[in-house]
Amino acid sequence: MASLATSAEDARRVLATMWTIRRFEEAVDELFARGLLYGTMHLSIGQEASATGACLALRDDDVITSTHRGHGHCIAKGADLGRMMAELLARDSGYCRGRGGSMHIADVSKGNLGANGIVAGGIPIAVGAGLALKLQGTDKVALSFFGDGATSEGAFHEAVNLAAIWDLPVVFVCENNHYGMSMSVEEVSRLDRVADRAAGYGIPGVTVDGNDVSAVYQAATEAVERARSGQGPTLVEAVTYRWKGHSKSDQNLYRTREEIESWRARDPIERFEQAVLEAKTLSEDELKQVRDEARDAVRDAVRAGQTGPPPSRDLLAGVYAASEVDQRTYTGDGAPAAPAPAERAAVGPVAAAAGARGEAEAP
Amino acid sequence: MTTTSTPAEVETMTFAEAVRAALTEAMEADERVFILGEDIGVYGGAFGVTTGMLDRFGEARIRDTPIAEEAIMGAAVGAALCGMRPVAEMQFSDFTAHAMDQLVNQAAKVYFMLGGAISVPLVVRLPFGSGTGAAAQHSQSQEAWYAHTPGLKVVMPSNPADAKGLLHAAIADPNPVVFMEHKVLYRSASGPVPATADPIPLGVAAVPREGGDLTMVATGIMVSRALAAATELAASGIEATVVDPRTLKPLDETTILERVRATGRALLVQEAPRTAGFTAEIAAAIAESDTLYHLLAPVRRLSGLDAPIPYNPELEKASVPQVPDIVQAARELMEAG
């Protein structure tokens, strides 16, 4: 398989996605520092290649489950940046109408079943999604992102095993960024590689350089093809590193400055740009143009988010979907529980620069 | 096995058969409906509820799983998010503890947390309750856990007809529904069940008996015990109304309060332990409304002991309300005012 760096179209798309993720999270970091964002954030700066490479291996109608560190997955699966930013800014125009925040952004129309505040929470859900896609007779695939920390959870074991015995079309992508909050992966497992766990389920496991977007793409593509052709799940381990702390409370007491710097030197974006330049696929000017477009798209998203309307106060109307036979559940004053798609689309189409690949049908 | 294919309008069947009839009809009517759980295939389920369904629907839709409750629940959530209508069986309600993350943190919250973008049409069937000698880890009544979680609906039928109609409503519901089936009722409860697949709306209480002296609000298996107690009380001239909420969430407070106001006496009966039990919610609803001013005596609760269910059959019986306990509590309530 040729490297993504040798095709101008691929290179542009990959860089647009990675730069958009980077710029988006830098903007989030800055908004937080300025006191304009509430709550907490889990940034994936430094991990852009795994989200980008894995999602590039998917079709628009494939589905993903994501994690608390999910901005990158969301963007790589084609989310609207304006609605993402509006959600972080707790507006009604946000993906979750300001009720979910960073840890719960989903875009069902793009096949993103959602970030998740519970470590490993999305893994069984991806397996169920894979089951549905199989029962429905489709050739769609479910891909589950999770971190190294999630592999210590029982949910990981139960879910991977279930997908294995049922040959479900699921791809498990472990983004091994070396730390579950402060606990290093070496401290929580006797195994050298997370991918070694695959043997326990009788499925293939592969470890790749998670900062090499082409390597991630290649491994994910093979796993997706395997899933799509009915051969069952694969565990892909993408070894990477988060530059920022676990969340906003992190003081980096468990790792050294030298370690962080050594990984910053392995910047996945810089590496890919270097490969693109060496292959003469794109010029320096063309790279700059991609960067500028990502910066502008994020700037527009911040503006769109900040001007979004405040959220509805009728929280009880958002707890239950309206039922045809249930006479008593409160679902608001007869109004639909969710705003019409047209209302929500008013935020602005900035997803193109984020690597969106057209409208996907709902899974 | 009795189904809609039989021409009779009403058939007599057990509680377990009624649940199976609803599952069968729903699966015949809607190919999105499938069942997953432990030993539900060849074995027919630990309580025989899915007996014969594997032959009828095949392995794809009657899915035997490993002993992995979190994966069962999570797979059901994921399938529901992708357009299916899964019915997950927890072999014993107690085992839901293994699956609480997927039920409480995922299924219950997705619709709200995602701003209404998608809901989780999921039914979780829970065989629950004491009376089978299965001791503390196989006998609990944990309805309060679920009722206390916004986003879940909680259904607790007390007879075969309600089991069938309410299960139809639960499967049709776009939200996650916890469907609680008392294990003792599976075979002991038998009665007329409509042959049609009509749902009984969630959130509507039933009043299986009317009487002017006191109102018993009983849940699950306690409904039949309350009715038996009412018959005994009638022999000594005390006439009781019995209200069966049928669904705990949403709760038909209107009917309950109306019936309590009518008699001025409320006896609330549940199998679950007393502290923070569901009937405390009913007592609070009475206290918080003008129904309070209609009371002739303080509200009386009759619950299971605040103790795990014991193995010894005599002690097991003694730890949850029985008919004589209800009769005695009713008499005391009559004497109290």
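Reader: What share of the contacts in chain B with a separation of 6 or more comes from residues 24 or more positions apart?

Author: Happy to start there: in this predicted model, such residues account for 79% of those contacts in chain B.

Reader: What makes chain B as compact as a globular protein of its length?

Author: The globule rule gives 20 Å for 337 residues, and the radius of gyration of chain B is 20 Å, close to that value, so chain B is as compact as a globular protein of that length. Its C-alpha trace spans about 60 × 45 × 40 Å along the principal axes. Within it are 13 helices and 14 strands, and 60% of the 337 residues count as buried.

Reader: Why is Ile21(A) called buried?

Author: A residue needs 20 or more other C-beta atoms within 10 Å to be buried. Ile21(A) has 29 C-beta neighbours inside 10 Å, so it counts as buried. Ile21(A) belongs to helix 1 (residues 8–33) of chain A. Leaving out residues up to four places away in sequence, Ile21(A) touches Glu48(A), Ala51(A), His71(A), Gly72(A) and Ile75(A).

Reader: What makes strand 1 and strand 6 of chain A edge strands?

Author: The sheet here is open, with five strands in the order 1-2-3-7-6 and parallel pairing. Strand 1 (63–65) and strand 6 (205–209) each have a single partner strand, so one side of each is left without a neighbour in the sheet. From one strand to the next, the twist averages 20°.

Reader: How do you know that strand 3 and strand 7 of chain A are paired?

Author: At least two bridges are required for a pair. Strand 3 (residues 170–176) and strand 7 (residues 234–239) of chain A run parallel and are joined by six bridges, so they qualify. Phe172(A), for instance, has Leu235(A) in strand 7 as its bridge partner. Helix 8 (residues 213–228) of chain A lies across strand 3, strand 6 and strand 7, at about 170° to strand 7.

Reader: Which residue classes make up the side of chain B that touches chain A?

Author: In total, 44 residues of chain B are in contact with 45 residues of chain A. Helix 3 of chain B brings the largest share of the chain B side, nine residues. By class, that side has 27 nonpolar, 13 polar and four charged residues.

Reader: Where in chain A is the pLDDT below 50?

Author: Chain A averages a pLDDT of 91, and 91% of the residues score at least 70. Residues 335–363 of chain A, however, have a pLDDT below 50. Where pLDDT is low, predicted coordinates should not be read in detail.

Key:
Residues numbered from 1 in each chain as written. Chains lettered and ligands numbered in written order. Predicted model: local features only at pLDDT ≥ 70, side-chain atom pairs only at ≥ 80, totals over all residues. Contact = placed C-beta atoms within 7 Å. Helix = DSSP H or I, 4+ residues; strand = E, 2+ residues; numbered from the N terminus. Nonpolar A, V, L, I, M, F, W, Y, C, P; charged D, E, K, R; others polar. Rg over C-alpha atoms; globule rule 2.2 N^0.38 Å. Buried ≥ 20, exposed ≤ 12 C-beta atoms within 10 Å, placed from the backbone. pLDDT = per-residue confidence, 0-100. Axes fitted to C-alpha atoms, helices over the stretch in contact; angles between N-to-C directions.
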